Each structure stands twice: as structure tokens, then as C-alpha cells.
Amino acid sequence: MNSIRRVPSRVKTKMTETNLGAERDHFDKKQLSSISKAINSNEAPVKEKHARRIILGTYREKGAFTFWSYALGIPLSSNAIVSWKFCHVLHKVLRDGHHNSLQDCMRHHGNIVEMGQLWGNLHDRHGQLVALYCKLLCTKMEFHMKHSEIRPNLEVTDEVLERVAGTDVNNVFQLTVKVFDYLDAELRLAETVIRQLNTSIAISTTTSGQCRLSPLIQVIQDCSHLYHFTVKLLFKLHACLPADTLQGHRDRFHDQFHSLKTFFNKARDMQYFKRLIQIPKLPESPPNFLHAASLAKHARPVVVIPSEDEPEQQEDDDDDDDPEPLINVSDVTMPSMMVPQFDRFDQTFGPSNDRDIQIENLQQDLGKLRADLERVKGEAQRYITQLKSQINSLETELEEQRVQKQRALVENEQLRMELEATRRRNAEHEIVQATFGEAETRAQATEQRYTKLKEKHTELVSSHAELLRKSADTVKILSATHQTQEEVERTKQQLAFEVDRIKLDADMKLEEQKFEMKKLKRDFEEKRAEVEHVKGTLQRTEKVGEQLTSSMLALQAEKERLMRSASEKEAELSSLSQTAQLQQSSLQQERDRSTRELGELQGKLQEKSRREVQLQQKLLEEQFSLLQGTVSEAEYIIQDAVAKLDDPLHIRCTSSPDYLVSRAEATLGSIDKVKKGHSDYLTNMGDAGGLLRALTNFSHLAADTIINGSATAHLAPTDHADRLTENCRGCATQSLQFLKDLKSKTSLQRADPASIRIVVENIMKLGEELRPKGMDVRQDELGDLVDKEMAATSAAIEKAVSRIDEMMNQARMDTSGVKLEVNERILYSCTDLMKAIHLLVLTSTDLQKEIVEGGRGAATIKEFYARNSRWTEGLISASKAVGWGATQMVESADKVVLHTGKYEELIVCSHEIAASTAQLVASSKVKADRNSTKLTALQQASRHVNEMAANVVASTKTGQEHLEDKDTMDFSGMSLIKLKMEEMESQVKVLELENQLGNERLRLGELRKKHYNIAGVPAADLPEGNGLDPSLAPVAPSSPKSSKPSVMRKPDLAQKPNLPPKNMFR
């Protein structure tokens, strides 16, 4: 009967173990089903019921082990939507899951970072969102791991925030920066999502739009708390540090405030968020941190999630969509597989009353717990209702106090105005009243009235302060009320989980104690029976032993005699056998050990050799697979560059030949590295690192060369553009062929980038041909050339002044009267012009020295000129133009004085000098400081030169009018026919002169075009000098009738800087 009683305990223990295992399998199945339904490739939002089951699973196992064990098997790198929904679920687990989930997620921090980097490198809209979401999750985990007192859902009181910040200003400063970074990551994700979606109702109500918008609910919850943390911390910083130090913090907060407000307003207008979340409204303007009293006006933004359950749709193939109960009753129900066993047990031993009683007790306990839970829910709901009513009453009281405050301020202002009026009346009364008695009486009355008004004013100020304190207390009570409500919700959930856990632990401990008690009783009965059996056996053995003792004594004596004789023989035999056995055993052991060691060593050697071969083969395959992946990516980069050649949008893009040449040179360098990496890889195919790095660099540089070549061709002549485009396509073709050879093991040996080098060299030659002319002067000669040209210009002007003096003396000896007066006036004006030009050159030299000293820094003067070569060439060209103009002015003045030249030549020279000086001023003004006094002096000198040139033109025209004789037109003796004939001849001459004028204008335009073309020829192809020595100039007679001195060629003009366009490729 004892054994029959023990059977139910063993069966029940087995039932409990089976039940726990079945419960665990059921839990794993539920979790796997929820994770697979929440994280899939359907572009739809995550259902709330699946996320809720995952979160409840973290509380059940007190961590996120099961979630990560299934999540690691999801192919996150294959689909951006799967990765996006995984980040959403992980965000929910971090916010609402068990507090140990943060440590479990932190173990997989590297996986999240790698996933974000993977999707960030791909050109995919969802991929960019996944990269930003991964960065946000990493920032969130790092922040909460460092500040563990702040829970991941950010729902902490101000006291906890004060305790985390501490009293050290440095800690508060660093915590503020961390919160700024945290909020930046949240806002960056929200702005990117909203930017990718159209804010119309049609977009926010589609499943694809809701899939992107659903994670923003958690972002809104985080942002509201982070905004409150930022305001609190900034007010605390401003109380400890000066305002200037925190200017950067205030600017950053203002930017975040406006971004957050814009985000909240846009989200509030979307139809999707209206039924899921109540978004708070931020104030119109950010808080004034410079005024400490503004903290009392700050109200913590509260996000409210409506308590409406998500509408669940029952799918045809889904039988597991019922929500999990908060109280687990699986331990009081038997699995279906155990029912037949219990039936057979009842047929054999009868019904088990203990089991029925226990089931009834458990059901009663379950009913009590459910009643308690309902009671707790009812109390919580009543408490929430009371708190809401209290909040409404406090808000009403606060509004009344604000109205009273405004009324008190108005009354205070009226009293102040009345006080001012009283004072004015008092002054008037003091002047008007005649008697001192009446004035004194009225003054006393006024003083008493003023005292009363002052007391009332004091009472109003104190009541105003009291109202402000009540307002601050009301805000604190509201905040405490919200926090109490949240604590009630959390207490309710914790109570439900705690009841479940305590019930399960109590049942398990009761079963274990009963089983141990019955086991101990059974062992005690068995041990007692064994003791009785051993006692009986011992008594029988003692009786037989006494009988055998007597016979043993006789046999013992005979045995001793025989043993002595046998021992002597055995001693001899044993000594011999032992010797032989020792020798044989030692030899056998040595042989066995050697054989065994040899076999083990051979096995290890073969295993090591096989493993090395496998590892070497695996290494070669991995290296080749890496090479194929790199080559595929390089092909994609080059194909993308070739596709842009035919892209209509690329036609507007331009580039400069200089940048194209630099890109081509870099590409040639990368080709050499590719060739060296290829040879190294063929020598050692187990290391492809050098070739991979070279191919990556080559693909980017080649694509850059192709794109910039096409962009340069958009501004090049037709012939050069066609050749350049053709070479760019050839570069792409040869590059793709070379990469194709690298992808196959059969063609890997013969892959050669030599053909690519030839095409790139052709592109570089075309870029060299398209470069602007006149830039072949050596960079290190520019500095010396500037000084030489300025010195030569100054010497030419001094020489021109001395020559004009000589001409003046010669004219005084050769001429007299009106001619002498005209010549002196012209030569005086030319002398003044030369002096003005000389002053301009000296002023320009001083300004140039100031520019060089102010801009060269630690570099030398030659290095400064070489670094600013375009500006230097313009300065040289302007100096040459001034020197040439001065020399030509002297030649023209000499011709006019000797009556061998024309007055127009002198006028043209004057205009040319004015233009050259303007060019010199413009060249100097490019690098000069606007506030420089020397620049002002140079501009004044330029204006003086223009005035002197105008004087030369005026004196020349005046002298021409005095010296030229005008025939009087007397037509009195002509007949009508003769006048008509003269009129026709005049018209013919007019037409001829107009035709000549048009031809000369065309010739002047062609001369100017040719002049600018020659200005771009390298300096080595032109005669040296600046035109100061007439003997060096080529002879170019103007007409066969006159043997005039040759007109010297104008020096090179500075080219316009070839500035790159705004959309130039870099």
C-alpha cells in the first residue's frame, strides 16, 4: 500500500516537468511567431499585438535572450524594409522591455553598427533611413549604458535628472552635450522620413507611408523628454557659468527648438498620427535662459498615447493571434498528451482525490487573484479619474490666477498714473497757492495719500509674488500628477507579473518538498529492512565459524609444513621467471610505446598537412572572392561614370582643363599601383590586399577622369570635344575589359592595364592642349620678372621725360610764334602726363610691396608670386602696357613737333595710356586691402593720370585748330549746274569716306582679335622686352608714301583668370 501511495507523487512530478517543458516550447513558439510576423519584407507597419508579445516575452524571461537568438537568424542585409522593421521593434524593446534588455542589446552593438554602415553605403532610400535609425539606436544604448539611472524610456523625475547631473559644472556641461547629440540623432531621422514622404493625406494613409511613419511615434516620445532635459540642464548651466560661454549651447538649442517644433507641427497635421498619439504643442518662442524666472513658465511637454487597442484582423492561416494573458495558468492545466496516461492510472488505482482538491484550490486562488486584479484596475482607474479632475481644477485655478495677475497689473499701472498726476497737481498747487498755510496743508494731505498708495502698491507686489509662487506650485503638482499616473500603470503591470511568478514558484517548491519527504520515508524503510536481514545472517555465520575453527587448527599445522617445502622450490623458480619476465615486459613496453607514438605522430602530421591544404585553399578562394567583389564594384563605378556621358542632365556640368590634367595624372599613378598589385598577387595569391586597395583607388580616379573629361568637353571646341569624349569612352572600355580579365582565373594572368595608360595619356594631352595660353613662364621666374618690368617701366618714363625736355629745347630753337606756343603747350602737357605716370608707378610699387608682405605669411616673395601666378601675370602685362604707352607718347609728340606725324596719333596714345593705367590699378586692386591708404593713393594717382591725359588731348585739339587753315566756302560765282555737280562730288566723297570708315572699323576689330590671340602665345615665342627700345621692334611701315618710324607692338595683356564654373566636378 505504501508503494501505491507513492505512485501519484512520481506521476505528478513527471507531469510538472513535462508541463514546464511544454510551456517553454509554447513560449518559444509564440516568440518566434511574433518576431517573424513583426519583422518581414511586407511594406506595412509593425502590428502592435506582435510587438506587445515580444515585449511581454522580455519580462517573462527577464531579458532579451530569446529575441536576439531569433533576430540573429533574420537576413537583415538582404532587404532594407526588413532592416527598417527590425530597428523599429528593437526601439520598442529598448523603450518598453525589461530593464535587462539594454545589456543584452549592448552585446550586439557591433552588429547594429555594421548593419548601419552597410545600408549607408548603398544608394537606397530605405537604406539611408536604416543607416540613420542604426545610428540613433547606438547613440541611445551608449547614452543609457553610461547614465544607467535614466531609463531607456526617458521617464524620470527632475530629482533623478538633478542627481545624474550632479553639482560639478563639467559633468553638467558634458551631459548637456550628450543630450544635444541624442536629440540631433532623433531629429535627423524624423526630418529624413518626412522629407522622403509627401505630407498629403493620401501618402500618410497608405501602408508604405505608414511603414516609414510608424517608428516616429517612439521618436516623438523620446523628443518630448529630451527637450525637457535640455531646458532643465541649460537653466542649470546658466546659473553657474557666464552667458558668453554658453552662446554656442543657446544657438544649438534654438536650432533644435525650431526643428522640433516644425517636426511636431507636420506630424500633428498628418492623419496617421491623429488616432495613435496626442502630440504636445511647444511654445511660440524658446525659453529665455538669460532670465532665471523664465524657468517657472516652462511646462514639461507630455505625450499621450490613447488607450484604444489596435484593431486586430484575424487572418485565415493564423491561429495564434490571441494576446497572451498577463497571469500564466499553464501550470494548473495538463497537456493533452498526458490525458491517456492519467486515464489508465485512474482505471488501475482509482481516482486521485488529492489532485482534484489541489485543482479546486488552485482555481479558487486563481479566482481570488483575478478579483484582486480587477479591484486594483478599478482603483487605478478611479485614481486616474480623480487625478484628471484635479488637473482640470488646477488648470482652472491657474487660469483664474493669471487673470487676477493681469487685473492687478492694470490696477497697479492706474495707481502709478494717478500718483504721477497727484505729484503734478502738488507742484502746481505749490506755485499757485499764495499762503504758506494752505500749501502746507495740501502738501500734508498729498503726502498721506501718497503713503496710502505706496502701501497699496506694496500689497499688490506681494500678492503678485504670491500668485507667481502658486503658479509654480501648480505646475509642479501637474508634473507630479502625471508621474503618479505613470507609476500606477507600471505598478499594475509589475503586480500582475509578480503574482504570476510567486504563484508558479510556490507550486514548484510545494511539489519538490512533498517529493523529497516521500523519498526520504521510502529510503528509511528500505534501510531498516536491510539492517534486520544483515543481523540474521551475522548470527548464522558466527555458529558455522565456531565449528570450523577446530578443524582449521589441525589443517593449519599440516599446511605450514607443506608451505615451507614448497616455498623453497618456488623461490628458486620465481627468481628465474621474474628475471625473464622483467626483460620481456620491458622490451614489449618499449616496442608498444614506440609504435604508438609513431602512429600518433603520423596521424597528427597527416591531419596538419590536410588542414594546411584546406586552409590554404580556403584562403585563396576567399582572396579571389574579395577580388571579384572589388572588381564588380569597380565595374559599377566606371559604368555609372560612362552612363553620365549620355545623361542629358550632365550637359550643364563643366570642368577646367587644369583639373582634368590633375585627375589624369592621379589616374596614371593609380595604374602603376594596380600593375604592381597585380604582379604581387600573381606572385602570392594568398594576399590580395595591395591589389584591392589599388583597384578601389583606380576605379574612383578613372570614373572621376571620365566625368571631368566629359564636363571639360562641354566647353571645348568641337574637334577637341569629340576627341576627348571618344577617349573617355575608350578609357571606360579598356578599364572594363581589364576588370573583366581580373574576374576570371583563366584570364587573370594576361590582364594588363597598359592600354588604359595609353588612353589616359591621350586624355591628359588633350587637357594640356585645352589649357589657356601664356602660362608657360616658369613659376620661380615670376617674382624676378615683376621687379624687372616695374623697374623697366620706371626707367622708360624717366627716359621719356628727358627726351621731352630735349624736344622742348629743340622746338624753341627751330620755331617761333604760334607754332612755338602750340608745341610748348603740347610738350608741357606731355611732361605733366609723364610725371603723373611716374608717380602712379611708384605708388603701385609701394602697394605691391604691401600686398606681398601682408599675404605671403611664412613664404618667400618668389613663392608668393608663384602661388598667385595669374595675378602676377596680369601685373606684368599692365606694367608692360604703361611702359609701351609712355614710349609711344614720346614718339608721337616728336612727330607732331616735327610736323611729320598726326595729331590723332597723340590723342590715341593718350587714350591708350589712360586704359593701361586703369589696367594697372585694377591688377593691384585685386589683392589689396579695401582700407589700405596706399590703395587710396594709387586711385588718386590714377585719376591724376586721367586728368593729365585729358589735358594732352585738349592741348592737341586746340593746337590743331590754331594751325590748320580753313578755306572759306565761296559759291557765289557758280551756276546751278556747277553747284549740282559739286554736290554730287561731295556725296561721292562722303560715301567713299563712309566705306573707308566701315572697312577700317572691321580692320580694327580683326586687329584686336589677333592681338588677344597673340597675347595667349607663350612668352618664349615673342621678342623679349617691353617695347622700350625701338631698335628691337619689327619694322611695319604704315604706308608707301611716308617713311614713318615703325610703330612698336603692344606688350602682352593679362588674360582673364580661367575660373572654374560653379558646378565643376571635384
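The structure is a predicted model, in which local features need pLDDT of at least 70 and side-chain atom pairs count only at pLDDT 80 or more, while totals for chains, interfaces and linings use all residues. Residues are numbered from 1 along each chain as its sequence is written, and side-chain values use heavy atoms, with hydrogens and water left out.

**The chain as a whole**

The chain holds 28 helices and zero strands, where helices (H or I, at least four residues) and strands (E, at least two) are DSSP runs numbered from the N terminus. Of its 1066 residues, 37% count as buried, a word that stands for under 20% relative accessible area, with exposed over 50% and partly exposed in between (1.4 Å probe, protein chains only). Among the contacts (heavy atoms within 4.5 Å) with a separation of 6 or more, 81% join residues 24 or more positions apart.

Two packed helices are described by the angle between their axes and the distance between the axes. Here axes are lines fitted to C-alpha atoms, for helices over the stretch in contact, and angles run from 0 to 180 degrees between N-to-C directions.

| Helix pair | Axes come within | Crossing angle |
|---|---|---|
| Helix 19 (residues 689–713) and helix 20 | 8 Å | roughly 160° |
| Helix 20 (residues 718–743) and helix 21 (residues 754–770) | 9 Å | roughly 160° |

Helix 19 and helix 20 are therefore roughly antiparallel, and so are helix 20 and helix 21; angles under 35 degrees count as roughly parallel, over 145 as roughly antiparallel, 65 to 115 as roughly perpendicular and the rest as oblique.

The contact of helix 19 with helix 20 includes Leu695 and Phe698 of helix 19 and Leu724 and Phe738 of helix 20, and its residues divide into twelve nonpolar, six polar and no charged. In the contact of helix 20 with helix 21, Leu724 and Phe738 of helix 20 take part again, and Ile756 and Leu766 are among the residues of helix 21. The residues of this contact divide into ten nonpolar, seven polar and two charged, where Ala, Val, Leu, Ile, Met, Phe, Trp, Tyr, Cys and Pro count as nonpolar, Asp, Glu, Lys and Arg as charged, and the others, Gly among them, as polar.

**Two buried residues**

Ser942 lies in helix 27 (residues 933–963) and counts as buried because its relative accessibility is 10%. Leaving aside neighbours within four places in sequence, Ser942 is in contact with Leu840 and Val921. Gly885, placed in helix 25 (residues 869–897), is buried with a relative accessible area of 2%.
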